[in-house]
Amino acid sequence: MSSSTSSSNSNLLSVVLNKLRTLPEDVIALSELLQVFAREIWRLFLFPLLVFIVCVWFISQLCIGIKSLIFPLSAHDLYQEGVGVLKKETDTRLAIRKFKQCIQTDPNYLAAYLTLADVQLERENVSDCINTLSRGLKQAHAVPPAAVVSHHSKNEEKGEIQPLSSSSSGNNNIRNEEEERRITVKRMQVLKMEAEALQKHGTKGHLAQQLNVGHFGMSGATDGIRARVY
């Protein structure tokens, strides 16, 4: 009885040992099978899908480029796109690009200088903020307000941009645009003084509060930007 039991145990042990010897070969065979399967999946499905996605992206970008060349956006449209980005996104880099494109399209679009400088101050780029405001104020003083209003009115008739105040017409519309331009210039001057004070002394907010025109400094700057729609 004991001899038969020991014989069965030895047979079981030999079977187990044989299985262990052949296990690496089974693992290798399974690994090779999986590699073949993965290569076929890549060749038949994933690679064509990747090529399709790249082609669609390339065609879409090409269409956008052609459209921008044939139908370039007006300064007003670029500015509104920048404001829309500020309302939706936390990353302000795209908005900065939009405001810079707006200024390149129409150097007299003072709201773009103000909002761009505000965003730059929020990002703690004080030097860029001061440079932007300096260029904007220089442009504002170089071109008479009446000439800018006339230029905007002509563009509005062509459908290129909308005026700063679209609810009035005729002389009232011109007066409204001149008033908004004057307020924008005043805000630019205050923000420049505040940025210069911040650059020199690290103080912010005092000049704007004293002059009663609102605070557009780093603290709460995003709320200030999103509250202003020109």
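1. Contact is used here for heavy atoms within 4.5 Å. With that cut-off, and leaving aside neighbours within four places in sequence, M188 is in contact with L110, Y113, L114, L133, G136 and L137.

2. The model is a predicted one, and the confidence that comes with it should be kept in view throughout. The chain averages a pLDDT of 74, and 62% of the residues score at least 70. Over residues 156-168 the pLDDT stays under 50, and the model has 21 contacts beyond four places in sequence for this stretch. Residues 206-230 likewise stay under 50, and for them the model has 55 contacts beyond four places in sequence.

3. As to the overall architecture, the chain holds 9 helices and 0 strands, so that the order of elements from the N terminus on reads α-α-α-α-α-α-α-α-α. Of its 230 residues, 30% count as buried. Among contacts between residues at least 6 apart in sequence, 60% join residues at least 24 apart.

4. Which residues touch the most other members of the largest nonpolar core? In this core of 32 residues, they are Y79, F99, C102, Y109, L121 and M188. At least two residues of the core are supplied by each of α2, α3, α4, α5 and α7 (170-201), and the largest share, 9 residues, comes from α4. As general background, nonpolar side chains in soluble globular proteins tend to be buried together.

5. The aromatic rings deserve a paragraph of their own, since a pair of them is described by the distance of the centres and the angle of the planes. The count for this model comes to 3 aromatic pairs. One of them is formed by Y79 and F99, a tilted pair at 5.5 Å centre to centre with 45° between the planes. This pair links distant parts of the chain, with Y79 in helix α2 (residues 75-88) and F99 in helix α3 (residues 93-105), 20 residues apart. Both Y79 and F99 are buried.

6. A further pair involves Y79 and Y109, whose ring centres are 5.4 Å apart and whose planes stand at 40°, so this pair is tilted. Y79 counts as buried because its relative accessibility is 0%, and Y109 counts as buried because its relative accessibility is 2%. Taken together, Y79, F99 and Y109 form one aromatic cluster.

7. The buried residues of α3 are A95, I96, K98, F99, C102 and I103. Because these residues cover an arc of only 160° around the axis, they are placed on the same side of α3. On the other side of this helix, R93 and Q104 are exposed. What covers the buried residues of α3 includes α2, α4 and α5 (126-142).

8. Helix α4 also has 13 residues, and it reaches 19 Å from its first C-alpha to its last, close to the 18 Å expected at 1.5 Å a residue. This helix is mostly covered, with 12 of its 13 residues buried. Just after α4, E124 takes a positive phi of about 65°.

9. Is D118 buried or exposed in the model? D118, which is found in helix α4, has a relative accessible area of 0% and is therefore buried. The C-alpha atoms of D118 and M188 are separated by 9.3 Å, although these two residues are 70 apart along the chain. M188 is also among the core residues that touch the most other members.

Terms used
Residues are numbered from 1 along each chain as its sequence is written. This is a predicted model: local features need pLDDT of at least 70, side-chain atom pairs count only at pLDDT 80 or more; totals for chains, interfaces and linings use all residues. Side-chain values use heavy atoms; hydrogens and water are left out. Rings of Phe, Tyr and Trp (its six-membered ring) pair if their centres lie within 6.5 Å; planes under 30 degrees apart count as stacked, over 60 as edge-to-face and the rest as tilted. Helices (H or I, at least four residues) and strands (E, at least two) are DSSP runs, numbered from the N terminus. Buried means under 20% relative accessible area, exposed over 50%, partly exposed in between (1.4 Å probe, protein chains only). The arc is that of the directions from the helix axis to the C-beta atoms. A nonpolar core is a set of buried Ala, Val, Leu, Ile, Met, Phe, Trp, Tyr and Cys residues joined through side-chain atoms within 4.5 Å. pLDDT is the predictor's confidence in each residue, from 0 to 100. The expected span of a helix is 1.5 Å times one less than its number of residues.
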